[in-house]
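Thanks for coming. Please have the sequence and the 3D view open while I talk, and stop me if you lose the place.

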Amino acid sequence: MSTSVNLEDVPAESLMSELLRRMRCSSKPDKRVILIGKLQLEDMLPPFATFLELARSRITWSSVSSFYGKQCHPCAQSEFIWVLSCPPGSGKGTQSPIIKDEYCLCHLATGDMLRAAVAAKTPLGIKAKEAMDKGELVSDDLVVGIIDEALKKPSCQKGFILDGFPRTVVQAEKLDVMLQNRGTKVDKVLNFAIDDAILEERITGRWIHPASGRSYHTKFAPPKVPGIDDVTGEPLIQRKDDTAAVLKARLEAFHRQTEPVIDYYAKKGNVVNLPAEKPPQTVTTEVKRALS
């Protein structure tokens with residue numbers, strides 16, 4: 001059940017920050033981005049900040065234009081969808097926040113959405129909870145339905161980054177049907193291509209400070225003292241998923257289940273391969289070129 005926001009209770013700083021963000025986003029074209037990979041972004045990064053959803057009854061484009069002395073209009077609707085396909089450690093965790101901010105997209109992680117739907121006791125959330133209580137997997141149709149609901153949020157007006165779905169061809173087909181029913185389709189697929197050996201070096205060298213979330217890498221961003229947090233002097237840990245054995249299993253699953261999704265979209269002629277082994281700044285340039 002949706003809840004309204006009383007603007008009188010919103011701090012002025014938050015209100016103006018959101019107004020400025022919406023003004024900046026008004027000229028951005030609509031985009032739909034899908035992140036495909038074995039690791040959820042939530043496993044690699046802190047959760048994205050939740051957008052403040054303001055009641056529209058007392059905020060209009062004309063009032064914003066009047067306040068800033070310039071004319072502002074929402075951008076006209078356009079049809080652009082991007083799919084990012086990548087195994088763990090290929091750099092999507094670095095590039096996705098850049099894409100999100102650059103194009104004013106909302107971030108939709110399937111795991112987060114399922115938990116939110118269950119907590120809110122939405123009709124789909126209730127069905128999902130019933131499946132989980134039985135120890136069953138949540139069906140693809142339920143997940144697609146929850147994604148469809150999430151796309152109605154004001155923060156998704158300019159488009160979305162979908163993280164953790166689709167991971168199989170069947171899921172991709174169901175997603176395509178849902179998007180088609182919304183009058184849109186996948187326009188471009190970004191494939192973060194990278195060799196497995198490079199992934200192993202990137203992932204197995206990662207260490208974190210559990211209390212703060214600070215991350216280090218033995219080769220690329222080492223701590224001043226090996227195994228010790230620079231700030232607190234406390235020991236660093238390596239996540240259980242960041243070992244060579246676990247990585248091997250997850251890469252095998254990626255190649256078996258998710259690589260066919262790339263082939264599925266390739267047959268539609270909309271896949272762009274990106275050199276994910278290059279420095280992040282170079283990859284960012286390539287991403288923006290692909291999305292231009």
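Just after helix H4, lysine 121 takes a positive phi of about 60°. Keep in mind that this is a predicted model.

Now step back into H4 itself. Which residues of H4 are buried? They are Thr110, Gly111, Met113, Leu114, Ala117 and Val118. Looking down the axis of H4, these buried residues fall within an arc of 165°, so they line one face of the helix.

Arginine 115 pairs with aspartate 112, and their closest N and O atoms are 2.7 Å apart. Both belong to H4, residues 110-120, and being three residues apart they are separated by about one helical turn. Is aspartate 112 buried, partly exposed or exposed? It is partly exposed, with a relative accessible area of 34%.

Next, the whole chain. The protein chain has 10 helices and eight strands. Of its 292 residues, 43% are buried. Take the contacts with a separation of 6 or more: residues 24 or more positions apart account for 80% of them. The accessible surface of the chain comes to about 15,700 Å², and 55% of that belongs to carbon and sulfur atoms.

Now the inside. The largest nonpolar core has 29 residues, and Leu108, Ile147, Leu162 and Tyr265 touch the most other members. Which elements give two or more residues to this core? They are E3, H4, H5, H6, E4, H7 and H9. H6 supplies the largest share, six residues.

Leaving aside residues up to four places away in sequence, leucine 108 touches Met113, Ala150, Leu151, Lys153, Cys156, Phe160, Ile161, Leu162 and Asp163. You have met Met113 already, as one of the buried residues of H4.

There is also a second, separate core of 17 residues, which includes Leu105, Ile161, Leu247 and Leu274. Leucine 274 sits in strand E8. With a relative accessibility of 2%, leucine 274 counts as buried, since the cut-off for buried is under 20%. Its contacts, again not counting residues up to four places away in sequence, are Leu190, Asn191, Phe192, Ala193, Glu286 and Val287.

Side chains of opposite charge can pair when their charged atoms come close. How many salt bridges does the structure hold? There are 12. One of them joins the side chains of aspartate 141 and lysine 174, at 3.1 Å from N to O. Aspartate 141 is in helix H6 (residues 140-150) and lysine 174 in helix H7 (residues 169-181), so this pair ties together parts that are 33 residues apart in sequence. Lysine 174 is partly exposed, at 29% relative accessibility.

Another salt bridge runs between lysine 268 and aspartate 176, with the closest N and O atoms 3.9 Å apart. This pair links distant parts of the chain, 92 residues apart: lysine 268 is in the loop between H9 and strand E8 (271-275), and aspartate 176 is in helix H7. Lysine 268 counts as partly exposed, at 47% relative accessibility, whereas aspartate 176 counts as buried, at 15%. Elsewhere, salt bridges that share partners join Arg206, Arg239 and Asp242 into one network.

The last stop is helix H8, residues 196-204, where the buried residues are Leu199, Arg202 and Ile203. They cover an arc of only 90° around the axis, which puts them on the same side of H8. What do they pack against? Their partners are strand E6 (206-208), strand E7 (215-217) and helix H9 (244-266). At the start of H8, a side-chain oxygen of aspartate 195 comes to within 2.8 Å of the backbone nitrogen of alanine 197.

That is where I stop.

Conventions:
Residues numbered from 1 in each chain as written. Predicted model: local features only at pLDDT ≥ 70, side-chain atom pairs only at ≥ 80, totals over all residues. Heavy atoms only, no water. Buried < 20%, exposed > 50% of the residue type's maximum accessible area, 1.4 Å probe, protein only. Helix = DSSP H or I, 4+ residues; strand = E, 2+ residues; numbered from the N terminus. Arc of directions from axis to C-beta. Contact = heavy atoms within 4.5 Å. Polar contact = N/O pair within 3.5 Å; in protein donor to acceptor, adjacent residues only side chain to side chain. Salt bridge = Lys/Arg side-chain N within 4 Å of Asp/Glu carboxyl O. Areas by Shrake-Rupley, 256 points an atom, 1.4 Å probe, with all protein chains shown as cover. Core = buried A, V, L, I, M, F, W, Y, C linked by side-chain atoms within 4.5 Å.
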